[in-house]
Amino acid sequence: MSVSLSDYRAAVRTPGAAVPVLGSALGRLPIAMYGLAVLLHVQRTTGSFASAGLVSAGILVGMSVGAVAQGRIMDRRGPARVLLVVAALFAGASALLLVLVATGRPLGALVAAAVLAGATMPALPGASRSLWTALLPPGPRRDAGYGYEAISLEVFFILGPAVAAFLVAAPWPGTGALVAASAMVVGTVVFACSRAVRAVRGAPRRTGRSVLGALASSGMRTVALASLGFGVVVGTVEVGVPAVTSAAGSAALGGVLLSAWSVTSVLGGLGYAARPWPRPLHLRLPVLLVGFAVAVAAMTLAAATGSVLATALVMLVAGALITPQTTAHSVAIDVVVAEGSGTEAFGWVVTAATVGIAAGQSGAGVVVEAIGPHAAFLVGGVGGLVVAAVLWLRRGSVESAATPEAVPA
C-alpha cells in the first residue's frame with residue numbers, strides 16, 4: 001500500500017492528536033539546535049573549538065544512552081510521567097551546564113554536565129512515534145504518521161542549526177542554548193500532559209525478558225544495523241561538504257548546502273511514500289542503503305573536479321533517499337519487536353544512527369587530512385555498501401518476523 005497526502009492530513013487530524021502533535025513539534029524543534037548552540041556558546045566563552053567539541057560530544061554520548069533507557073521505562077510505565085520527570089531533570093542539567101560555562105569551570109566538569117544533559121534530554125521522538133500506534137490501526141494512515149515524524153524531524157534539522165547560529169550573535173552567547181532547552185522542556189510538558197498521551201498505559205514486563213530488551217530480537221538488530229550504516233554515510237557527508245566548500249574559499253557555504261540536502265530529503269520522502277520500492281520491507285532496508293551509498297560515493301568524482309556546484313547537485317540527489325530510510329526504520333520496528341517495546345526500539349535506532357554519524361565523521365576527518373576533501377565521500381560510500389551487504393545477508397531476520405497484517409507494502 002502507498003501513502004497519499006490525504007493520509008498525512010487524516011493522521012494529524014485524528015481525534016486527540018492535535019495537542020500532542022503541537023507539543024511534539026515544539027519539543028523536537030531544538031533537537032538539532034541544542035548541541036550546536038552549546039558548542040557555539042562554549043567556543044565563544046572559552047575561545048577553544050577543541051573544548052567545545054568535547055562538550056558537544058558529551059551531549060551526544062548522553063543522548064545515546066538516555067534514549068534507550070527512557071524508552072525502556074516508557075514502554076513499561078507509559079510515557080506521561082516519565083517525560084515529565086526527565087523534562088525536570090533536563091531543565092536542571094541544562095541550567096547547571098550554563099552556570100558552569102559562565103563561571104569558567106574546568107573542562108572535565110563541563111563534559112560531565114553535558115553528558116548528564118544529554119542523558120536527561122526527553123526522548124520525545126520515540127514517544128511521539130509510538131503514540132501513532134495507540135491512535136491509529138495498522139495501515140496507510142499509521143504509516144503516514146511515521147512519515148510525518150521523519151519528515152518533520154528533517155525540517156527541524158534545517159531550522160534548528162540556523163536558529164542556533166542566529167542566536168549565538170545575541171549579547172549573551174548562551175541565549176541559543178537557553179532557548180533550545182526551554183522549548184524542549186515546554187514542548188515535552190505539553191505533549192506529556194495531553195489527554196491522548198496520559199491515556200497510554202505501559203505494557204507489563206514479560207517474564208524471561210532479555211537484558212538487551214528490544215535489541216534481543218534478531219530483526220531489531222538488523223534494523224539497528226541499517227540505522228548504523230545510514231549514520232555512517234550521513235556523517236561522512238557532514239564532514240566532506242564543509243571541507244569541499246572550505247577548500248573552495250567559502251566555509252559558510254557548507255552549512256547552506258547541508259540545509260538544502262534536508263530539503264530534498266523531505267521532498268524525496270513525500271514522493272517515495274506515494275510509490276515505495278522495493279515493496280517488501282526486508283528488501284527495502286538494504287536496497288535503500290545501497291542507493292544512498294552509491295550516490296554519496298559518486299560525490300567523490302564530483303568533488304575531485306574541484307566543482308562545488310557538481311558536488312552539490314550529486315549531494316541533492318543523494319539527499320532524496322534520507323527520509324525514505326528513516327521512515328523504513330520506523331515502520332520496521334512494528335514488524336520486528338513485540339508490542340509494548342516500540343519506544344525502546346526507536347531509542348536503539350537513534351543510538352545506532354548517532355554512533356554511525358560519529359564513526360563517519362571521525363573516518364572522514366582522517367582521510368580529509370591525509371588525502372583531500374573528496375575522499376570523505378568515498379569513506380561513506382564504501383562503509384554504506386559494506387553495511388548494506390550485511391543487511392542483505394540478514395534480510396531473513398526481518399522477513400521471518402513479518403506477517404501480511406503487520407507489514408506495510
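## Helix packing and a cross-chain salt bridge

Four salt bridges occur in the structure; a salt bridge here is a side-chain nitrogen of Lys or Arg within 4 Å of a carboxyl oxygen of Asp or Glu. This is a predicted model, in which local features need pLDDT of at least 70, side-chain atom pairs count only at pLDDT 80 or more, and totals for chains, interfaces and linings use all residues. Residues are numbered from 1 along each chain as its sequence is written, and side-chain values use heavy atoms, with hydrogens and water left out.

**Salt bridge.** One of the salt bridges pairs the side chains of Arg28 and Glu149, at 3.3 Å from N to O. The pair links distant parts of the chain: Arg28 lies in helix α2 and Glu149 in helix α8, 121 residues apart. Helices (H or I, at least four residues) are DSSP runs, numbered from the N terminus. Side chains of opposite charge can pair when their charged atoms come close.

**Helix pairs.** Axes are lines fitted to C-alpha atoms over the stretch in contact, and angles run from 0 to 180 degrees between N-to-C directions.

| Pair | Angle | Axis separation |
|---|---|---|
| α2 (18-28) and α7 (124-135) | about 160° | 10 Å |
| α5 and α6 (107-120) | about 160° | 8 Å |
| α7 and α16 (342-370) | roughly 135° | within 8 Å |

Angles under 35 degrees count as roughly parallel, over 145 as roughly antiparallel, 65 to 115 as roughly perpendicular and the rest as oblique.

**α2 with α7.** These helices are therefore roughly antiparallel to each other. Their crossing is left-handed, meaning that the near helix is turned anticlockwise from the far one by less than a right angle; clockwise would be right-handed. Contact means heavy atoms within 4.5 Å. On the α2 side, Pro20, Val21, Gly23, Ser24, Gly27 and Arg28 meet Leu124, Pro125, Ser128, Leu131 and Trp132 of α7. By class, the contact of α2 with α7 has six nonpolar, four polar and one charged residues. Ala, Val, Leu, Ile, Met, Phe, Trp, Tyr, Cys and Pro count as nonpolar, Asp, Glu, Lys and Arg as charged, and the others, Gly among them, as polar.

**α7 with α16.** Pro125, Gly126, Ala127, Arg129 and Ser130 in α7 touch Gly342, Thr343 and Phe346 in α16. The contact divides into three nonpolar, four polar and one charged residues.

**α5 with α6.** α5 is roughly antiparallel to α6, and the crossing is left-handed. Residues of α5 in the contact include Val86, Leu89 and Phe90, while those of α6 include Ala109, Leu110 and Ala113. The contact holds 14 nonpolar, two polar and no charged residues.

**Cis peptide.** Most peptide bonds are trans. Trp277 and Pro278 are joined by a cis one, with omega about -10°. Pro278 sits in the loop between α12 (252-274) and α13 (281-304).

**Confidence.** pLDDT is the predictor's confidence in each residue, from 0 to 100. The protein's mean is 86, and 94% of its residues reach 70 or more. Confidence is highest in α5 (79-102), at a mean of 96, and lowest in α8 (140-167), at 79. Over residues 403-409 pLDDT stays under 50.

Terms used
Helices (H or I, at least four residues) and strands (E, at least two) are DSSP runs, numbered from the N terminus.
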